Amino acid sequence: MRISYIKSKNDTESFILPKILGKKVIELEDIESVDKNIDNLVESRYNTIVLSNEVAGFSESIIKKYYNSKDVNIIIAPSKRI
């Protein structure tokens with residue numbers, strides 16, 4: 001199982017532990033490029049992709065492409081902000 005995490009570069013709270021553990025954490029400068037990054041990860045055979053809630057809001061392909069996929073798991077992590 002290959003897991004990757006995607007968050008905004010300005011988000012300093014999400015995915016701290018995975019980053020410390022050496023997992024692939026992509027920090028997007030341009031949040032609107034999230035779909036391109038998801039497609040690149042799928043092509044690189046990542047089968048679990050965890051998105052911060054903020055980044056997930058900018059993706060158009062989560063529902064269209066991956067909702068019923070058995071090969072790719074998209075997980076949207078809730079925000080820590082209250």
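Contact here means heavy atoms within 4.5 Å. The views below come from a predicted model.

**View 1. Leu-51 and the residues around it.** Leaving aside residues up to four places away in sequence, Leu-51 touches Ile-6, Phe-15, Val-34, Ile-38, Ala-56, Ile-62, Ile-74, Ile-75, Ile-76 and Ala-77.

**View 2. The largest nonpolar core, with 15 residues.** Leu-51 is among the residues with the most contacts inside this core, along with Ile-6, Val-34, Ile-38, Ile-49 and Val-55. At least two core residues come from each of these elements: strand E2 (24-28), helix H2 (34-43), strand E3 (48-52), helix H3 (53-56) and helix H4 (61-66). H2 gives the largest share, 3 residues. In soluble globular proteins, nonpolar side chains tend to be buried together.

**View 3. Another core, of 5 residues, apart from the largest one.** Its members include Tyr-5, Phe-15, Val-25 and Ala-77. Tyr-5 has a relative accessible area of 14%, and Phe-15 has 10% relative accessibility. Both values are under 20%, so Tyr-5 and Phe-15 count as buried.

**View 4. The aromatic pair of Tyr-5 and Phe-15.** The structure holds 1 aromatic pair. The rings of Tyr-5 and Phe-15 are tilted, with 5.1 Å centre to centre and 50° between the planes. Tyr-5 belongs to strand E1 (residues 3-8), while Phe-15 sits in the loop between E1 and helix H1 (16-20), so the pair ties together parts that are 10 residues apart in sequence.

**View 5. Arg-2 over the face of Tyr-46.** Arg-2 lies at 4.1 Å from the ring centre of Tyr-46.

Definitions and conventions: Residues are numbered from 1 along each chain as its sequence is written. This is a predicted model: local features need pLDDT of at least 70, side-chain atom pairs count only at pLDDT 80 or more; totals for chains, interfaces and linings use all residues. Side-chain values use heavy atoms; hydrogens and water are left out. A nonpolar core is a set of buried Ala, Val, Leu, Ile, Met, Phe, Trp, Tyr and Cys residues joined through side-chain atoms within 4.5 Å. Buried means under 20% relative accessible area, exposed over 50%, partly exposed in between (1.4 Å probe, protein chains only). Helices (H or I, at least four residues) and strands (E, at least two) are DSSP runs, numbered from the N terminus. Rings of Phe, Tyr and Trp (its six-membered ring) pair if their centres lie within 6.5 Å; planes under 30 degrees apart count as stacked, over 60 as edge-to-face and the rest as tilted. A charge sits over a ring if NZ of Lys or CZ of Arg is within 6 Å of the ring centre and within 35 degrees of the ring normal.
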